[in-house]
Amino acid sequence: MNLSVAKIVGNLGESSWSQVHEFLPAETEKLNSHGELLAAVSFRAKQEIEISSFGTEIIQRLQEIYYSNQSGSILKKLSQTIETLTAEFLDQVELEVVALVVWQDYLYAGRNAAGQVWFKRGDNLVKLFGASAAGIETVSGELKASDVLVAATSQFNQLVPEGSLRGAIGQESAAAIAESLTTQVYGHKDNSQAAAVVAKVAEAVDETAVPESSPPRLSVFARLQPLINQVKQPLANLAARLSLGRNRAIFVGNKAARQRQTAITVVLVLLLVLGASLLLAGRKRQNTEKQQSYQTLVDEVNYKLDEADSLMSLNPLRSKSLLHESEASLEAYLGQKGVKETDELIGLKQRLVDTLNQVEREYRVDNADEWYDFDLVKDGFRGQAWGLSGSQLLVWDDSSRTAVLLNLETKAAKMVVSGGDLSSARAVGLTDDRGFIVAADKVTVIDTAKEKTLAAVEADGWQQIKIARGFGSNLYLLDAAITGQIWKYLGLDDGLSGKKSYLVGDSFDLSEAMDMTIDGSVWVLFSDGTIVKYTQGKKDAFQVVGLDQPLGEAVKLFTSP
């Protein structure tokens, strides 16, 4: 990609400064590894400094830090450069950086404050960053011919209205855009922290070249034809000299025989040299093609991994798609005959797996270690049901009619109730210092702090209570019947209120419900993997998307406030 670049910079202030920096490495190696750097930079001094020379030092450090960074991806190089530069001058100035890197056909942008990057493609003009700044932010994407970029500091965006920017950015060249916007910046007295770099993308086109499709694949002989032509004429000359000898008188003797033998030997040597040259040239070409193919794959996968990283929270579905594309490219390459897996490819595969795990949030536990032994609290204690609230877990053992409260952070455990008139429990709930043991005929309310029973609330028209959940001092019971309901009990000082129907409507088939969790809304998990969300008793819009395969056998569901 070729860029035409223009700069807009405000006047130098007594304690503030701005500048635009553009750097295109002369070394091919640096250009290939780091790309072209563009930046709009401004600062306001926190102490007395020589403004101009200090600004020059910041620009020099920006370039040095970026082009000395050996991180694996451009996005990481850019992010770390902005972070390092900001920290280095933190005591002296309030620094604002909006930086662009153009590498091959891709754009990488980053900022540390409220600056903005405007991006125009066709008739569409968008902001690459949100309105509010949140630390170091980076984005990336593919560039196309005629794209226009304006990377500007926050003061520039304050001085130039969006409408004016939209009008100016439609002009033909970067210089014309900058000229139009410069007039507006200089129309304001305080513009010392206003800076913007304007860049327009243009393809490098050879006007004399005739467009053509990919060249046909040549045979090995055809590709080596130029080399054959180089040695063809000397061989022809030698053969001609030998044939001329047939028309002359030949004196049979040792001298003539030796001459003939020498000529034959020379021809054989030349033929051997030709064969070896053809073989070496063929191998060299094959190695070159393999190296090009390998480097193309590595660059493509690295780019897609960088983009997937940047989209992980904004667009996880697109991020996952990019990762699967990278996975397919790696598998296809490694599946070719004679291809060996390098350390670099092994590293890419591992990074791919790690990033996929983050995007999919899918984990498999092959071996579960014992985390806590309840025999430490009561011999033979075996939990059948439990309720969770924050870091507290209330566990119920039906055989001993005992409830144990376990702190998940400290592993401290204690029995809160045991024996007495407690019935066999169907479900257990917990919220704050209230525990609920739900039997077929009643709910026993426990004060877990004082380790005593508060009240027993009789069943009221239940059919099949399967799940109990505490939330905000209240108790929710899921009645798993074809005409089921979620019953809500309000928490009182001395126990619970009467039941209320939480779900709004006539009837609900909850017979296949497997679990329920509450985080302000009520979520119900069904045996086929369906998840239904209810808010204020009404079914809310929710759909699970982006799964490579449907959920398997559904068992538990968890959310948190």
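Buried means under 20% relative accessible area, exposed means over 50%, and partly exposed lies in between, with a 1.4 Å probe and protein chains only. By that rule Trp 17 is buried, because its relative accessible area is 6%. This is a predicted model: local features need pLDDT of at least 70, side-chain atom pairs count only at pLDDT 80 or more, and totals for chains, interfaces and linings use all residues. Residues are numbered from 1 along each chain as its sequence is written, and side-chain values use heavy atoms, with hydrogens and water left out.

- Helices (H or I, at least four residues) and strands (E, at least two) are DSSP runs, numbered from the N terminus.
- Strand β3 covers residues 36-45, and nine of its ten residues are buried.
- Two strands pair if DSSP finds at least two bridges between them.
- Strand β2 (residues 16-23) pairs with β3 in the antiparallel sense, over eight bridges.
- In that pairing, Gln 19 stands opposite Val 41 of β3.
- Strand β4 (residues 93-103) is joined to β3 by ten bridges, and the two run antiparallel.
- Here Ala 39 stands opposite Ala 99 of β4.
- In a regular strand, side chains alternate between the two faces of the sheet.

**Aromatic pairs**

- Rings of Phe, Tyr and Trp (its six-membered ring) pair if their centres lie within 6.5 Å; planes under 30 degrees apart count as stacked, over 60 as edge-to-face and the rest as tilted.
- The count by this rule is 13 aromatic pairs.
- One of them is Trp 17 with Phe 43: the ring centres are 5.1 Å apart and the planes at 25°, so the pair is stacked.
- This pair links distant parts of the chain, with Trp 17 in strand β2 and Phe 43 in strand β3, 26 residues apart.
- Phe 43 counts as buried because its relative accessibility is 0%.
- Trp 103 and Tyr 106 also form a stacked pair, 6.3 Å centre to centre with 25° between the planes.
- Trp 103 is buried at 9% relative accessibility, and Tyr 106 is buried at 19%.
- Ring pairs link Trp 17, Phe 43, Phe 54 and Phe 89 into a cluster.

**Helix α10**

- Helix α10 has 19 residues, 316-334; at 1.5 Å a residue it should span 27 Å, and its end C-alpha atoms are 27 Å apart, which agrees.
- The expected span is 1.5 Å times one less than the number of residues.
- Its buried residues are Ser 319, Lys 320, Leu 322, Leu 323, Ser 326, Ser 329, Leu 330 and Tyr 333.
- An α-helix has 3.6 residues a turn, so residues three or four places apart point the same way.

**Nonpolar surface patch**

- Trp 371, Trp 386, Leu 388, Leu 408 and Phe 558 form a nonpolar patch on the surface, with about 500 Å² of accessible area together.
- Patch residues have over 30% relative accessible area and no salt bridge; nonpolar side chains (Val, Leu, Ile, Met, Phe, Trp, Tyr) are joined within 5 Å, like charges within 9 Å.
- A salt bridge is a side-chain nitrogen of Lys or Arg within 4 Å of a carboxyl oxygen of Asp or Glu.
- Accessible areas come from the Shrake-Rupley method with a 1.4 Å probe; for residues, only the protein chains shown count as cover.
- Phe 558 lies in the segment after β26 (538-540) and is exposed at 59% relative accessibility.

**Positive phi**

- Asp 432 is not a glycine, yet has a positive phi of about 55°.
- Asp 432 sits in the loop between β15 (425-431) and β16 (434-439) and is exposed at 54% relative accessible area.
- Ser 473, also not a glycine, has a positive phi of about 75°.
- The loop between β19 (465-471) and β20 (474-479) holds Ser 473, which is partly exposed at 32% relative accessible area.
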